[in-house]
Amino acid sequence: MRTYLPATIPLLREWLTSGSARPAGCGYAVTPALREWYREGDIDELEHAASLLAAVASLDLLAADPSAPLRRVVLAVDADGAHVMPDADERGALRLRASVPFDRWASALVDEADAEPAVSSAVTLLRDPSASAAEVDFALGEAEAADLSWYAVQELRFLVES
């Protein structure tokens, strides 16, 4: 099952070192709840929606790690269906019961440097308990508008070293 794991550059580095990805929270995939929400979407649109949900979750990881570079990271993996459990509380979310080995990684989506101002603004507001919901929603929308660049698995070591 194609699954999108939210991450940060340091987390991706850790996964590369260990040779497997152990999600820090939910992964995202085309679940029945996501299919129901996007009734008219084809599989490509549904996969894109799942990856965007993971990109938003990556912002939460960035908010929790002040030392991480301000770039969203989403790792696309092919998780064993026997090791995934849909999360009924969130559309498209699922829990992985096992790490995903490197040979099951498909690609990664990562912000380019020009997305940093929008990502920084969103992370700052996520860290601010006094920020209004409207401010946070606007900042999240600005960050979501930045396109993530595609990276082959072979390129990830170079990405985390730069």
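Which residues does S58 touch, not counting residues up to four places away in sequence? S58 touches P6, A7, R72 and V73.

**Figure 1. Overview of the predicted protein, with six helices and nine strands.** The protein has 162 residues and a radius of gyration of 15 Å, which agrees with the value near 15 Å for a compact globule with that number of residues. Along the principal axes, the C-alpha atoms fill a box of roughly 40 × 40 × 25 Å. Of the 162 residues, 47% count as buried. The accessible surface comes to about 8500 Å²; carbon and sulfur atoms account for 52% of this surface. Among contacts with a separation of 6 or more, 73% are between residues 24 or more positions apart.

**Figure 2. Helix α3, residues 43–64.** The helix has 22 residues. From its first C-alpha to its last it reaches 32 Å, close to the 32 Å expected at 1.5 Å a residue. D42 is shown at the start of α3, where one of its side-chain oxygens comes to within 3.1 Å of the backbone nitrogen of D44.

**Figure 3. Two serines of helix α3, S51 and S58.** Are these side chains buried or exposed? S51 has a relative accessible area of 6% and is therefore buried, the limit being under 20%. S58 is also buried, because its relative accessible area is 0%. Leaving aside neighbours within four places in sequence, S51 is in contact with Y4, V74 and L109.

**Figure 4. The loop between α2 (32–37) and α3, with G41.** G41 lies in this loop. Its relative accessible area is 23%, so G41 counts as partly exposed. W105 may be included for orientation: G41 and W105 are 64 residues apart in sequence, and their C-alpha atoms are 25 Å apart in space.

**Figure 5. Strand β6 (residues 93–96) and its pairing with β3 and β5.** Strand β3 (residues 27–28) runs antiparallel to β6, and two bridges join them. Y28 has A93 as its bridge partner in β6. Strand β5 (residues 84–86) is also antiparallel to β6, and here there are three bridges. The partner of V84 in β6 is L96. β5 and β6 form a hairpin, with six residues between the two strands. Within the turn, G92 has a positive phi of about 85 degrees.

**Figure 6. Helix α6 (residues 156–161), with R157 and L16.** R157 is found in this helix. With a relative accessible area of 42%, R157 is partly exposed. How far apart are R157 and L16 in sequence and in space? The two are 141 residues apart in sequence, while their C-alpha atoms are 7.3 Å apart.

Notes:
Residues are numbered from 1 along each chain as its sequence is written. This is a predicted model: local features need pLDDT of at least 70, side-chain atom pairs count only at pLDDT 80 or more; totals for chains, interfaces and linings use all residues. Side-chain values use heavy atoms; hydrogens and water are left out. Helices (H or I, at least four residues) and strands (E, at least two) are DSSP runs, numbered from the N terminus. The expected span of a helix is 1.5 Å times one less than its number of residues. A polar contact is a pair of N or O atoms within 3.5 Å; within protein, one must be able to donate a hydrogen and the other to accept it, and residues adjacent in sequence count only if both atoms are side-chain atoms. Buried means under 20% relative accessible area, exposed over 50%, partly exposed in between (1.4 Å probe, protein chains only). The radius of gyration is taken over C-alpha atoms; the globule rule is 2.2 Å times the number of residues to the power 0.38. Contact means heavy atoms within 4.5 Å. Accessible areas come from the Shrake-Rupley method with a 1.4 Å probe; for residues, only the protein chains shown count as cover. Two strands pair if DSSP finds at least two bridges between them.
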